[in-house]
Structure formats: structure tokens, C-alpha cells
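Please look over the model below.

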Amino acid sequence: MSFTIAIIGRPNVGKSTLFNRLVGRRSALVDDQPGVTRDRREGEGRLGDLRFKVIDTAGLDEGSAESLVGRMLAQTKLALKSADAVFFLIDARVGLTSADRTFAELVRRAGKPTILVANKCESRASEAGRLESYALGLGDPIGISAEHNEGMGDLFDALREALPELTEPPAEEEARVFVDEDMRSIRVAVVGRPNVGKSTLINRLIGEERLLTGPEAGITRDAIAVDLEWRGRAFRLDDTAGIRRRPKVQEKVEKLSVGDALNSIRFAEVVVLLMDSQQTFEDQDLRLADLVEREGRALVLGMSKWDIAERKPGALAKLREEADRRLAQLKGVPLVGVSGLTGEGLDRLMQAVCDAHKVWNKRVPTRALNRFLEQALDENPPPAVSGRRLKLNYITQPKTRPPSFVLFCTRADAVPDAYLRYLVNAMREKFDLPGTPIRLMLREKANPYAGRKRK
């Protein structure tokens, strides 16, 4: 990607729809309600044979610098400053508004090559609005319909004309670069209830006010991914919307935001579950931890706002004991006190993420597993079921991420759940697998005499 495009315009003109069209997937939240986008979102855009970074921004609106609208505008200005060119969108069906004229002036003052894009031109009714946009003085308007994928060829030509040097095709195809698995970014999702400090924490980690923050609950809507390098290791951090209990989620936009956050968990390798240190282990926190375990992701617990927590001796140790009691399926899960405001505990948090990722990828040799199984059976033999003793023959690990084991036995459906929990807990302790989900699957050993005919 040799250049950057910022998509700018007032609310509800289709910026996120165009962003999704350029990146080739439904990445940004889209709704008829204005003002859905708040943070700026970046993606890898494609238009014809052009590859570039594209930035989706909040709808331009006027407000004091301290207000939420004012902070959103500041984020949009940062995107404008970092861009090589601008797609300035208007809604052709509505025509020009005073806000379009005001913010066109802002774009002109930025001095960046600007392409005027008249969106929602899928019908003749939009032609008058497209022609009206000449009055902005930003050149010829390019009529498109981002939703219906119309006019993208004209947009491609306009971009080539606006950035002739940056959009020249390379003289020869670049060689493919193969990245060592150990050098790939670790995908980390930061999740939790609203207003526990997720965005503040990530801003402190990356050292800039990249994500919108404030005292208002529920500021974050889209799951925003940012890059971080810590001690020579690359990370991709997903800031997510606060997740409330399902009965409290009524508005459509919040439902979309929660769905985006849940997708971040599913695609993460490590999930940092932030809990308010003043209100730990709420029901919703436990539900989220259980979801992470069911999805098979590595988990780290962060006690947020640790700078204002009451520091009694052994406070963290007591919280770890409570975590083991309440999250027995993730016994030993790492727990760290952190403060996004002061930066306290961030190094310990990132080290915990690295350690959890390592455990999540751990592989145990088959020989060691079967020695363990023999010892576990000697110490606590499986119970007899219907008067017949169960036979557990051998165990192996077919995959990692999370550690997954197959136990070959007789009558798999008769093995009690309590005995399986005993084996999982014993494996967790024996092979040092704290906090990670462990999958133990049963397979019945084939009967060599089944199907034989008597002579």
C-alpha cells in the first residue's frame, strides 16, 4: 500500500458503506441512523489494480472541543492530516446542505488532493444533487452508489488522475514475502462491560490518543484494530464496544456493536477481559469469560482502574483465588491489576498475554501424555459402570490452539463427566497449562474382533 485515502463527509452520507466496498467486506458498522461511526477505522482498500490504506471517519459535525462530537471531529482531522488524498462524500439524493459547505472549506484548507464523490446515485432522482455539488468548488463530482457498486470505475479513474505518481503500477511484480510464524502479530481482543476503560488502556499501550475516550459509557461502537510492538513482538489489538447483558441491549446500533465485539473474540488468539476493580466478577464478566472458554481462546483477566482500587495486603492474591473458584474451567488464568490512566501494570499485562499465547500453543509429547495417563489411572481408577470397568487405553494431542487431546477408550459415552474433569485438571497441573481452555475428546478403540465370521 503506497498511499492513504481518508473518507470525509457529514453524517449519514455513506462513508462506512464506501469503506466496506473498498476493503471488500462488511468491516464497518452501517445503519440508517446518523453518527454510527465514531472512531476512525483503517483497512486495506482495493480499487481496480490499486492497493492503498483507507480510513473511515466519523461524520463531520460541529461541537465544542470537550463534547463527544468535538472529540469525534478531532479524530477526523487527524485522519485528514495523515491522508495523501481525500474522498469527500455528499448524499446526492439530499443535495447540498450547509454542513457540506462548511466542511468542504475544512477539506480545502487541508490542501490535500480531493475527489468529490456524490454517493447514492443509483437513480435519476439524484442527478440534481450531483450537479448541485459543483458549487463546492472541489472539482467534478463522481457519481457512485457504494451500496450497489456503481460508478467505481469512474472513481478509479479520478483517483489515478489525482495521484498520478503514487498510483503508477510497479515496473515489475514484487516478490512475495514469507513471514516467520513467530514474527506474526498476536491477535488480541480487549473486551468487557461498558466504561471499564478498554479504549483508555489501548491508547496508553500505543502511546497516542488513537481511540475516542471520555466519561460517557458506550462511546466505542465499531471494533477498531490497532498495531502495537512490545519488546520486539508485534500485536494487533482490537478495541471493542462494551457488552451488556442481552436483555438490556435494545437499540439496533448497540446490537450491531455487540455482534462486532463477539466476532473479535472469535477471531482473537488471546482475549483480555477487563473488569472494573470496584466491581469485580459481575455476572456479565463471568458470562464473557465462559464465552471465551467455549470459543477456545486464551484468556487474561485485567483489573481495570487499579490506580483507584483499595490496596489491601494480598488483594491480588484474593482476586486470583476468586477467579479460580468462579472460573474453575480456566483454573490458573492470569490476573493483572492495570490502569490505562497512569500506565500501571501494562508491562505485566503484555507479558501475561505472551505467556497465555505460549500456553495456548503448547504441545505435549505423546510419550509424556501416556505416562501421565498411567499414573492418573493408578491414583484414581475410572469407576465401574453397570458392573463393568471402563478401560482408558491411550491419549494423544492432535492439535493446539487450544491444547486438544484425544483419549481412546471403551464405551466413551459411559465415562462420567466428573472423571473427565479430574483428568483435565490433572493435565493442567502436570503439564503447566494454566488458564487455557483444554479440549478432551473421547474415541472408542476399534474392536479387532468385530465383524469377523466364525468358522
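## A strand pair and its sheet

I5 stands opposite A85 in β4. Strand β1 (residues 4–8) and strand β4 (residues 85–91) run parallel, paired over four bridges. Strands here are DSSP E runs of at least two residues, numbered from the N terminus. Two of them pair if DSSP finds at least two bridges between them.

The open sheet holds six strands, in the order β2-β3-β1-β4-β5-β6, with mixed pairing.

## The model

This is a predicted model: local features need pLDDT of at least 70, side-chain atom pairs count only at pLDDT 80 or more, and totals for chains, interfaces and linings use all residues. Residues are numbered from 1 along each chain as its sequence is written, and side-chain values use heavy atoms, leaving out hydrogens and water.

The protein has 12 helices and 17 strands; helices are DSSP H or I runs of at least four residues. Of its 455 residues, 50% count as buried (under 20% relative accessible area, 1.4 Å probe, protein chains only). Contacts are heavy atoms within 4.5 Å. Among contacts between residues at least 6 apart in sequence, 70% join residues at least 24 apart.

## The lining of the largest pocket

Lining residues have an atom within 4 Å of a pocket point; a pocket is an open set of points on a 1 Å grid over the protein atoms alone, where a 1.4 Å probe fits, with protein on both sides within 12 Å along at least five of seven lines. The largest pocket is lined by 24 residues. Nearest its centre lie R25, E42, R187, A225 and R236. β2 (41–47), β8 (224–230), β9 (233–239) and α7 (252–267) each supply at least two lining residues.
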